[in-house]
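Keep the picture open as you read.

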Amino acid sequence: MVAELGVGIGWRAEIDLTVERLPGVDWVEVVAENLRAEHLPESIVVLRDRGTPVLPHAVSLSVGGAEPVDPQRIEHLAKLADALDAPMASDHVCFVRAGGLDSGHLMPVPRTREALDVVVDNVKTVQAGLGVPFALENIAALLEWPDAELTEAQFLTELTDRTGCLLLVDVANLYANARNLGQDPVRLLDEIPLERLAYVHVAGGIERDGVYHDTHAHPIVPEVLDLLGELTARTSPPGVLLERDDDYPSDDELAAELAAIRAKL
Amino acid sequence: MTEPQRERLAESQSRLLHALLADGPAPAGFDRDRLQVEAIALLSKRRRVVAMLQSEACGDLGDRFVPLFDAYGRAHPRRIGTRARDDAREFVEWCLAQGHLDRPRRRRWPFRRATEKRR
């Protein structure tokens, strides 16, 4: 059973007081790599002790990478989930390291059976080291690998079937892939196992030179809220979270975005 | 059990990252325009992080920051194990070594020993 979370916002050090006092914040998510279990920020301790769920969200496990997942990164995430009393932890279906280089951003995995075998193996390793359920998020990609053998929906479905992981559906990433790669986001929602849905991400972005960038630094575009509506028409998501990472707007504007999300539930 | 798969995946992922980050040859089958879009997006993200972590030095570069960083970034892709902070510092050190930035003058604080008695 997936924990009921409600509407939340990504906790960032720059907006810690805002997050603490914003009305309508049922839960928060923290970027796992920015925190240490031994020295949690005071604001996070305040939220946790207030009973606000705090979930760690990782960006660097690289479960879609060719290397087995670094045990130290798994241990860090496990310790953090434990210190936060989190009901689950998450990362992305992506890779960030290869050939000695660090991409600095989430890169898509080739959607082949062979790559899927590796991701399944890596996810099982993470699950074995975590004391809580593990959820995986779909990413926004700017390019596609050639020779895909599976659609994104098939890849995510097989991944959840074979590992028992949960799904973190980012509707802004679905929109980005629709705009940039011509994918059909509504069809994907029809085809993924929504009963495995952990929660949903919503974020803003902007179009530049014909490319939609999922910046987390601009307002949510209406089409992303519409996709959230498509999702909530199909299932009642246990949680929805607003991600804002830069160019922080006023508290009122953030509260209005949270209210717009809540109106779709 | 997944060894042969891992080896092939490692090779294809390595080719893609070298093309995107280190001016490597375009891997077969990819759309050239898409590779270009992704390469620019990755470089821009790295540049934003460096600008944030070394705001003073990057600010001193003014209009030269973007072209200098982009030239530097392609020639010096971020290696595994390099933290964002180190990446930003290494760029500033490169600017200093190349003469794009002046070495900051050491500040002389007119300090007094904390234990010194006030008269």
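How many helices and strands are there in chain A? Chain A has 9 helices and 12 strands, where helices (H or I, at least four residues) and strands (E, at least two) are DSSP runs, numbered from the N terminus. Before going further, note that this is a predicted model: local features need pLDDT of at least 70, side-chain atom pairs count only at pLDDT 80 or more, and totals for chains, interfaces and linings use all residues. Residues are numbered from 1 along each chain as its sequence is written, while chains are lettered from A and ligands numbered from 1 in the order in which they are written.

Here are some overall values for chain A.

| Property of chain A | Value |
|---|---|
| Box filled by the C-alpha atoms, along the principal axes | roughly 50 × 40 × 35 Å |
| Share of the 265 residues that count as buried | 49% |
| Share of contacts with a separation of 6 or more that join residues 24 or more positions apart | 76% |

"Buried" means that 20 or more other C-beta atoms lie within 10 Å of a residue's own (exposed is 12 or fewer, partly exposed is in between), with C-beta atoms placed from the backbone. Two residues are in contact if their C-beta atoms, placed the same way, lie within 7 Å.

Now for the inside. The largest nonpolar core has 91 residues, and L167(A), V171(A) and V202(A) have the most contacts inside it. Such a core is a set of buried Ala, Val, Leu, Ile, Met, Phe, Trp, Tyr and Cys residues joined through C-beta atoms within 7 Å.

Is A32(A) buried or exposed? A32(A) counts as buried because it has 26 C-beta neighbours inside 10 Å. This residue lies in the loop between strand 2 (27-31) and helix 2 (42-49) of chain A. Beyond its neighbours within four places in sequence, A32(A) is in contact with P56(A), H57(A), A58(A), H76(A), L77(A) and L80(A).

And where do the chains meet? 23 residues of chain A are in contact with 29 residues of chain B. Strand 5 (95-98), strand 6 (101-107) and helix 4 (113-129) of chain A each supply at least two residues of the side that touches chain B.
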